[in-house]
Amino acid sequence: MCTDRFLTAEPAPSPAGGGEPQGGFALAVVMVLLFAIGVAGATGYQIVSQEAQLSIQVQEANQAMTLAQAGLYRFLGEPTRGVRDSVQYSLDGGTATVTTRLIKDVEGEEKIYSVRSVGNFADPRYSNTPAERTVTQVAIQRQMPFTPIGAVASTAVDSYYYNSNYTSSRSLWPVVQGNDISSAADCSEGGSLDVDGFWAGYGHTIYFDADSLTGTPVVASGQGGPGAIAAATGLDWSLLTDTEYPVDQEGTLGWPDFGAIPSDSFPVIRINGSFYPGSTFSGRGVLIVRDRFRPADGFDWDGLILAGYSDYLYARMTIRGALLTGFGATISVTWVYDEARIYFHYCNVLEAARQLTYLEPVDNSWAELF
Amino acid sequence: MAGFTLIEALVAVTLSAILVTLVTTVFFAQNQFYSEATLRSHVQENARSVTQFVTSELQSAGTEAFQLAENRQLRVRKPLALGIVCAIAGDDVHAYLLQGSENVVGNDVAGWGVRDTTGAWAYYTDTWSNLNVSSGSSSAFRCENSGADTVGATADFFRLRNVKNSSEPKPEVGWVVMVYQDLHYQFSASALETGTIGLYRGNYGDTLVELSTGMTANAGFRYRLAGDTTFLATVTGTQLDSIEAVRLTATAESTGQLDRTGDNTYSYGWTADILLKNVH
């Protein structure tokens, strides 16, 4: 007998405890499949997440390596004097900590250092797991970062040296000596190096009497302009006149009291313009004059003077070391006459030059530390 | 007893079928994504790890380091320890080693080299046991006499025994020295994954170990010479001394289940230029 109730089931209790009974399997299937999808999704997310984490770690490690390398290059390349024990740079969201260790320090020879740079970088999203890479390189501290070329040097088109009382008000004659006046009593290298009396960039006409202009040779002319003197001396004029290049004294304000500071100190002093020093500005060390250098009566200096250019050297002044001019410009004439006294003093030049030492990386000595 | 009518049952079955189809489709799509993600992860990680490893090994190679530079293989003197001579006593050389000796495996040592002030390297075949490299207060003390700062770094100063008189030119204080490995890389048929190319690594003359697998036939090295802009597949003769960069090129493949397009292979190609930092 046919009935409209051919399927029967136990009535499921309604949620409210009454109503029509419910039955079926779709919900169960959907629940099972949703669970399976959830498991697969979670696993997939886990894999993708791990991959993303690995990728970030690799990026962090690469960034740390870049920072370490940048720190090393910056330390070795930035304008500086001497060797610092430790310095930390903040670079592009991370840091590079650079330290040095002295490896060799023999009297009279160049010092050798090991320079180590540690780059540290953390992705801001995972700042508790920073990456760290370390690179190292050997570097030499150049003790004599330039070549002495003369008691006086100029790149002027004409460099005139007059052994005569050119102006009627003066009674003495100029003296320029390229032969070393220092001795072993001054320093172990004293008396060991003679240089040109007058190193002339072009020097079309030079008048002199042999008695008061000496050197080996007495005169070297036709050398060239600012580029030539920079090449001959090995000095980087743009570096020395860069305001970032550290000096002991900038300008004339607060000029050192040379009677009060240690007698063996040779400060580096830079004048960012022209300078016309008299006795007030006498002293010792390295004097860098960016533009015109024209000493006045009473000026006395032990060491090295480097100037953009110098036109008149006639005052009653004395330099024991060397005066190198013409790094900044080629002028028409440099005059040397009357009472200028310039003696090449190798010990003073050496001591002054040592204030300009810098680190130079040694080829084939780079390594990464693991 | 309550029950379903035929109409109710048919509607329920139809709806269930639609739901099951939808859910199954989503499930298999998810599964496919999972499979692809796994493959992608595997291949990319393989590429990344091998690139990093090779880069870290080759970047410290310096001038005159390459002995073989071909598309499918290279042979290079890799510095295991690089340092600076700080004292000489008799036939022994005392040096500050930048990396220490922690990473030096005795069996890997193929010899030592010294670089004179002109920049030229001289290499000498030797063994770790013969060099008898040792660190400690003795070397530190000798280097201290040369002005070295040894405070807290005694273990970084080493002695290389019996090397001075066996070499020409003879090392001097301030020269760069290294203990090197004769490292050999080679692309050839993979033993781990048949039908693909593997990258093998080891000491020259020894049985090489498969470092990475699953690459295609285009995998290889190329080389750039100093002053040049192009990469060469092979470098020979005196040009070996001018290599300044190595390019590693490879395509990695991984095979999984068939996707909807009928493809079951995931490919990932990459190129890494390795600048030799000790050449610059």
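Predicted model: local features only at pLDDT ≥ 70, side-chain atom pairs only at ≥ 80, totals over all residues.
View 1. Strand β3 covers residues 92-97 of chain B. It pairs with β2(B) in the antiparallel sense. The pairing spans 6 bridges.

**View 2. The hairpin between β2(B) and β3(B).** 2 residues lie between the two strands here. Look for B:Gly90 in this hairpin. Its phi is positive, near 65 degrees.

**View 3. Strand β2 of chain B and its cover.** This strand takes in residues 73-89. Is β2(B) mostly covered or mostly open? It is mostly covered: 12 of the 17 residues are buried.

**View 4. β2(B) alongside β8(B).** Strand β8 of chain B holds residues 176-189. It runs antiparallel to β2(B), and 11 bridges join the two. One pair to find is B:Val76 with B:Leu183, which stand opposite each other. B:Leu183 belongs to β8(B).

**View 5. The hairpin from β1(B) to β2(B).** Strand β1 of chain B spans residues 66-69. A hairpin of 3 residues leads from β1(B) to β2(B). The strands pair antiparallel over 3 bridges. Which residue of β2(B) is the bridge partner of B:Leu68? That partner is B:Arg75.

**View 6. Chain A as a whole.** Chain A has 4 helices and 20 strands. It contains 370 residues, of which 38% count as buried. Among contacts in chain A with a separation of 6 or more, 58% link residues 24 or more positions apart.

Key. Residues numbered from 1 in each chain as written. Chains lettered and ligands numbered in written order. Buried ≥ 20, exposed ≤ 12 C-beta atoms within 10 Å, placed from the backbone. Pairing = 2+ DSSP bridges. Contact = placed C-beta atoms within 7 Å.
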